[in-house]
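Visitor: I'm new to looking at protein models. Could you show me how to read a few features?

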Amino acid sequence: MGSNQEVESLKGEDQSLYDCYVTASYRLNDMKGKVVAITGTTEGSIGYYTALAAVSKGAKLLLLLNRDTDRSYEAEQKIKAHAKATDHECFVRMIVCDLSNLYLVKNAALTVNEFVADDYGGLDVLVNCAGVCALPDERTVDGFDVQMQVNMLSHFLLTKLLMDSLELAAERRGEARVVMHTCAFRGIPNRMLQPEMFQICPEGTLGGNGKWFLGDLVKQKGPFSRYQQSKLANASFAMALHMKLQAAGSKVKSIVVDPGFAKTNLFGRNSTSSEPDLISKTSARFRNLLSQSPANGSIPTLVAAFGPANLCQSGDFFLPAKQSTGLADKSVAGGVPVKRGGERLTCHPLNIECVWTSCEKVLEVKFDISRRSNNKMVDDDSDYISVDG
């Protein structure tokens, strides 16, 4: 999932904009007494720099939800070292959360809920940041397309199972936030959500493994078409969650971000198969020309997660002002596109309906946010074991 050489190449990248946001008191809230949970925080990722910012802004508890890998533990140690070097007392803990395995997602949610309930008074911010891209047409242990499950289905389930903790924090401290990650490829190819992309199906039946320029842009099938579906699902889910939270009178906010192009290790990662890299060299070079450092790429996420309450409303969509780089700007405010005709796919009623109903159907769950008790893990949690780092 990204070599040490790749991680080393990210060091030394310009992060002046990131430093400006983290150090300027008016750009991000003081997070003292707050609890933050982030998926996908290995070094060089958007989640990693979001975690460092949470520590710098004084979060009381930081939960790192990662796979059980050496890179995850290495990142945990570096984030803990950063916490020790600051003046803030931030307890950092990693909890194993493998998004390609629904059983482990449920275990992670159970551990988080138990951990934050009594001593910390709930969960203030959940950043659903982890993701995979351009993987072969393979299936998880649960039978779903690996990109759709890791990027969308497991985050839907995790959010549902942590909603009680989010509501608890919102009641006690005024608000809580769920931050979803999408990307610029949510509209490339320009295609509405397809219900079949969420369903269990045999390997090789969702477009195959062709290189993305030809297979995806022309034929609209292949690794990037599957990726587009998962990232559009992320954006539309955030809007659906916003609408349901508002209807329920909740103080939890649902916000979505697009980091722009950042030089993270996301692109070009493969699954454990022997398939060659599914991103063509041409597209990789094109991406690198437009990319910013992962630290600067985390700016929209930092604003969505820690920005001033009056500037961060439920239903907001933050992305770089220059599309791929720059200060955080809004393309959607309070669920309404800033520009007429903007974010057509993200805010399309059919996509908003599709992602919610499809996730509920294939996961066989009911995400009812009208009452907190409806989203508890299970009546008897004896079927789940504690799996954490």
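Visitor: Let's begin with Ser 250. Where does Ser 250 lie?

Guide: Keep in mind that this is a predicted model. Ser 250 sits in the loop that runs between helix 8 (223–247) and strand 6 (252–257).

Visitor: Is Ser 250 buried or exposed?

Guide: Buried means under 20% relative accessible area. Ser 250 has a relative accessible area of 13%, so it counts as buried.

Visitor: What does the side chain of Ser 250 reach?

Guide: That side chain reaches the backbone nitrogen of Val 252, at 3.0 Å. If you leave aside neighbours within four places in sequence, Ser 250 is in contact with Glu 167 and Leu 245.

Visitor: Next, rings. How is a pair of aromatic rings described?

Guide: You give the distance of the centres and the angle of the planes. This structure holds 11 aromatic pairs. One of them is Tyr 48 with Tyr 49, an edge-to-face pair with 5.3 Å centre to centre and 90° between the planes. Tyr 48 is buried at 7% relative accessible area, and Tyr 49 is buried too, at 12%.

Visitor: Which residues form one aromatic cluster?

Guide: Phe 156, Phe 237, Trp 356 and Phe 367 do.

Visitor: What sits over the ring of Phe 115?

Guide: The charged end of Arg 93, 4.4 Å from the ring centre. Tyr 21 has an arginine over its face as well: Arg 27, at 4.6 Å from the ring centre.

Visitor: Last topic: cores. What do nonpolar side chains tend to do in soluble globular proteins?

Guide: They tend to be buried together. Here, the largest nonpolar core has 67 residues, and those with the most contacts inside it are Met 152, Phe 198, Phe 237 and Leu 241. Helix 6 (residues 146–173) gives the largest share of this core, 13 residues.

Visitor: What is Met 152 in contact with?

Guide: Leaving aside neighbours within four places in sequence, its contacts include Phe 198, Ala 233, Phe 237 and Val 355. Apart from this core lies another, of 42 residues, among them Ala 75, Cys 129, Ala 304 and Ala 305.

Note on methods
Residues numbered from 1 in each chain as written. Predicted model: local features only at pLDDT ≥ 70, side-chain atom pairs only at ≥ 80, totals over all residues. Heavy atoms only, no water. Helix = DSSP H or I, 4+ residues; strand = E, 2+ residues; numbered from the N terminus. Buried < 20%, exposed > 50% of the residue type's maximum accessible area, 1.4 Å probe, protein only. Polar contact = N/O pair within 3.5 Å; in protein donor to acceptor, adjacent residues only side chain to side chain. Contact = heavy atoms within 4.5 Å. Phe/Tyr/Trp six-rings, centres within 6.5 Å; stacked < 30°, edge-to-face > 60°. Lys NZ or Arg CZ within 6 Å of the ring centre and 35° of its normal. Core = buried A, V, L, I, M, F, W, Y, C linked by side-chain atoms within 4.5 Å.
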